[in-house]
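Hi,

Here is the structure I promised to pass on. Have a look at it first, and then read on for what turned up.

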Amino acid sequence: MSAHVASRPDVKSAVSALAGLSEVRMAQLHRATEHLDPPFAVVDLDAFDANAEDLTRRTDGLATIRVASKSVRSRELIQRAAQWEGYHGILAFTLPEALWLAEDHEDVVIGYPTADRTALQQLAMDERAAARITLMIDSVGQLDFIDNVVGASRPDLRVCIDLDAALELAGGRIHLGPYRSPVHSPRQAAALAREIESRPGFRLAGVMSYEGQIAGLGDNQPGSPLKRAALRAMQRFSARELADRRAAAIAAVEAVAPLEFVNGGGTGSIEQTASEHVITEIGAGSGLYGPGLFDFYRRFRPRPAAYFVMSVVRRPTDKIATVLGGGWVASGPTGRDRQPTLAWPQGLRMNPLEGAGEVQTPVLGTAAHGLRLGDHVWFRHAKAGELCERVNTLHLVSKSEHVGQVLTYRGEGHAFL
């Protein structure tokens, strides 16, 4: 484990730190953007850069960071992060996106398998793109699909095996973690590697595995102490099981063919995953924006860097202010943790009977008493990149100045999912 692991606050101090987003900094962000009409999104470049640096610090020099583009979804901000020392390559989420990003980046791995026939045909006809892009594979059926789409007359296509990182117990009857790949054991990984190596037109480049039950679940959530203890115990057990299984799987695959990279982890598990000797890189991106889902981890605390802003349009009572919109809810299982978080003015809270609504969001608390029509209310999205599906531009603030804006994927006219 890294010697630089941050101190571990208890839940109460984590909540306090979250509520204590610097009033001074939030006031600076507000003043820099108060001339804008909501809704709009803001990226605090100082926080973004500090987070980029902190992600590499957390690796303790044991692995590089591959920028997970789905968590950023702005070409210019992906480029900004990728230029930091300790970063190498992009982890894309679709083949059309990878083809687009490969115009500027030499190493793009797609984190998920593709069935996009048009994009596969484009890849197979472009030797430069084929040399820069690595497809994700977790079954022989996907190899068959690609062969059927593009045929044998093509440059070699680089592929990566997706090794399932979930914890399976009771002979597989209990599955803890995302349902991703059917390749779970070292034997299955080696068998798929042999199939790849035996087929003309494919070249095995790497292995990836994402331990969502560790990286994607904050271990310091408010609520039941017993649930927190159970989650932490599961994560410790899962980390040990995965480290052993991943090492065995990489050894089995490398007995078939050499690997250029072994990717693992995510923003939430960098210290732990980077300490495994087989890991060469970590896929991470959410930590750059520091969204709401990353507020309750013991090992690290990213600085909130991405916000969206709405206007007060109603005062139904002298104690309630209502903003227009606000219901920018994240994907995943429905729950409070998928709702946006109120960031500023401090002292606001949502009405539990309404929450963040599609067309309006009532806000309560002492800070609501002084809000006037037209005042700005700042929110944080629960997830990172999904904010960019709502806006065309991200307004950039550095120090106390509005320094420009960059386009999101949506603003560039792209919808890659």
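Cys-388 is buried, because its relative accessible area is 0%, and a buried residue is one under 20%. Cys-160 is in the buried class too, at 0% relative accessibility. As for disulfides, the count is 0. Keep in mind that this is a predicted model.

Now the fold. Eight strands close into a barrel, in the order β2-β3-β4-β5-β6-β9-β10-β11, and the pairing is parallel. On average, neighbouring strands in this sheet are turned by 30 degrees against each other, ignoring direction. Val-109 has Thr-134 in β5 as its bridge partner. Helix α3 (residues 45-59) lies across β2, β3 and β11, at about 105 degrees to β3.

Next, His-376, which sits in strand β17 (residues 376-380). Is His-376 buried or exposed? It counts as buried, since its relative accessibility is 8% and the limit for buried is under 20%. The His-376 side chain reaches the backbone oxygen of Leu-36 at 3.4 Å. Leaving aside residues up to four places away in sequence, His-376 touches several others, including His-30, Phe-40, Met-310 and Trp-344.

Then there are the salt bridges: the count comes to 27.

- Arg-75 and Asp-104 meet through their side chains, 2.6 Å from N to O. Arg-75 is in helix α4 and Asp-104 in the loop between α5 and β4, so the pair ties together parts 29 residues apart in sequence. Arg-75 is buried at 14%, whereas Asp-104 is partly exposed at 47%.
- Asp-147 and Arg-199 have their closest N and O atoms 3.0 Å apart. This pair links helix α8 with the loop between α9 and β9, 52 residues apart. Asp-147 counts as partly exposed at 24%, and Arg-199 as buried at 16%.
- Arg-180 and Asp-162 have their closest N and O atoms 3.5 Å apart. Here the loop between β8 and α9 is linked to strand β6, 18 residues apart. Arg-180 is partly exposed at 23%, while Asp-162 is buried at 3%.

One last thing on that topic: salt bridges with shared partners join Asp-144, Asp-147, Arg-154, Glu-195 and Arg-199 into one network.

Cheers

Technical notes:
Residues are numbered from 1 along each chain as its sequence is written. This is a predicted model: local features need pLDDT of at least 70, side-chain atom pairs count only at pLDDT 80 or more; totals for chains, interfaces and linings use all residues. Side-chain values use heavy atoms; hydrogens and water are left out. Two strands pair if DSSP finds at least two bridges between them. Helices (H or I, at least four residues) and strands (E, at least two) are DSSP runs, numbered from the N terminus. Axes are lines fitted to C-alpha atoms, for helices over the stretch in contact, and angles run from 0 to 180 degrees between N-to-C directions. Contact means heavy atoms within 4.5 Å. Buried means under 20% relative accessible area, exposed over 50%, partly exposed in between (1.4 Å probe, protein chains only). A polar contact is a pair of N or O atoms within 3.5 Å; within protein, one must be able to donate a hydrogen and the other to accept it, and residues adjacent in sequence count only if both atoms are side-chain atoms. A disulfide is a pair of cysteine sulfur atoms within 2.5 Å. A salt bridge is a side-chain nitrogen of Lys or Arg within 4 Å of a carboxyl oxygen of Asp or Glu.
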